[in-house]
Amino acid sequence: MKDGLPALLGGDPVRPQGPPLWPVANPAVVEVLQQLAMSGDWGRYHAGHCERLIESLQRAHRVAHVHLASSGTAAVELALRGLKVGPGDEVILSAYDFKANFTNIAHLGAMPVLVEIDSRSGQLSIDLVEAAITQKTKAILASHLHGAAVDMPRLMELAGARGIPVIEDACQMTLATIAGRPTGTWGDVGVISFGGSKLLTAGRGGAVFTQRDDVLQRIRLFTQRGNDAYPLSEMQAAVLPPQLDSLPQQRATRTATVSAIVARLGNHQGLRPFEAPLRDCELDYYKLAFWYDPQAFDGLTREQFSAAMRAEGIPVDSGFRSLHRIHAQRRFRSSGELTAADEADDAVLTLHHPFLLEVEVAANQFLQALDRVRRHATILKTVQAPAMMQF
Ligand SMILES: Cc1ncc(COP(=O)(O)O)c(C=O)c1O
């Protein structure tokens, strides 16, 4: 009788069909693709789709300038360039962040200054930003990660008082709101991504937002070389507006699923969700993140746990590597202890968003898989874990 046995031990997976695919089928996108094929716009430099996307993003974000880019990574680079970051400068960012944010700063000849994270929310600790500021600080880069959010009102107050510009990375939190204001529009410059796993996808792509004319001007000077050096194509731009339309409904569904999972988890030992203690927010979930405690699973490592969950068809994976642990010490300055960032490197687990579109079904499956893995943790420890997945 295989029922109830983990899939890694030969049982039937909780989700035999595997994790949900992304993007989900969207008839409005199919229609756009048909129109692109018929009109030939798919193969043109200019066909009005980029202009229309810019207008839609300007309206949705209530922001003066939108500059489209070839990826979120390129958008972060352009944001840094827009703020004149260069050799000799320092840029403050969280020690737990997307690797390319660090690399972008370093490639411009500036020094990444790594700051500790908040041990509940997993986000840049605003309390510790001030101590990291020096005469050389040119910008602060703040990313909303894994379904929680940086306290932007506090960060903007702190940075504003010192005249330091903020880049708000909303690649994982597009068109959510903090205190009624869209994510990506709190900072002097904001960035989003249209990468293939993102909540709005064109396979690749990104955008920069700013109210500042000088920032836009610098970005244009850098990218416009008789041709756009970091372009989003007309075909990519065309598939995004229909997804902007479905985003609010999808966000509501993801939020309901997260509530159902968190409620059922209760204080389920061993999995503690990232907390978002901000008030008056409507957040979104590119990932739902947890702090994983192996002791609650008889010493089953995080990698073994996520391999066992994935075998059940639940898209769970380790979080980012913390930046101070994957770069040589001469390439950054760390501001104070990075204990919580060490903990994040060891213990963050993420659940990928396509799974969050199935509310009760998803919550039941998540808890069922979790229960199986916990009951069989002792024997699962002996199984060779398959390599990490890339969602
Ligand atoms: C926080 C954050 N910033 C930036 C990026 C870069 O986006 P892209 O993949 O479009 O380059 C990502 C991508 O996952 C991200 O998670």
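Student: Where does Pro-23 lie?

Tutor: Pro-23 sits in the segment before α1, which covers residues 27–39. Keep in mind that this is a predicted model.

Student: What kind of peptide bond joins Trp-22 and Pro-23?

Tutor: A cis one. Omega there is about 0 degrees.

Student: OK, next one. What is the phi of Arg-62?

Tutor: Arg-62 has a positive phi, about 50 degrees. And Arg-62 is not a glycine.

Student: And where is the place of Arg-62?

Tutor: In a loop. That loop runs between α2 (49–61) and β1 (65–69).

Student: Let's switch to the ligand. Which residues surround the ligand?

Tutor: Take them in order along the chain. Ser-71, Gly-72, Thr-73 and Phe-98 are among them.

Student: Which atom of Gly-72 lies 2.7 Å from an oxygen atom of the ligand?

Tutor: A backbone N or O atom of Gly-72.

Student: How much of the ligand's accessible area does the protein cover?

Tutor: The protein covers 90% of it. On its own, the ligand has 390 Å² of accessible area.

Student: Now helices. At what angle do α9 and α12 pack?

Tutor: About 130 degrees. The axes of α9 (residues 302–311) and α12 (residues 359–375) are 10 Å apart.

Student: Why give both an angle and a distance?

Tutor: Because two packed helices are described by the angle between their axes and the distance between those axes.

Student: So what does the angle make α9 relative to α12?

Tutor: At about 130 degrees, α9 is oblique to α12.

Student: Is the crossing left-handed or right-handed?

Tutor: Right-handed, as α9 passes α12.

How values were computed:
Residues numbered from 1 in each chain as written. Predicted model: local features only at pLDDT ≥ 70, side-chain atom pairs only at ≥ 80, totals over all residues. Heavy atoms only, no water. Near = heavy atom within 4 Å. Polar contact = N/O pair within 3.5 Å; in protein donor to acceptor, adjacent residues only side chain to side chain. Areas by Shrake-Rupley, 256 points an atom, 1.4 Å probe, with all protein chains shown as cover. Axes fitted to C-alpha atoms, helices over the stretch in contact; angles between N-to-C directions. Helix = DSSP H or I, 4+ residues; strand = E, 2+ residues; numbered from the N terminus. Parallel < 35°, antiparallel > 145°, perpendicular 65-115°, else oblique. Left-handed = near helix turned anticlockwise from the far one by under 90°.
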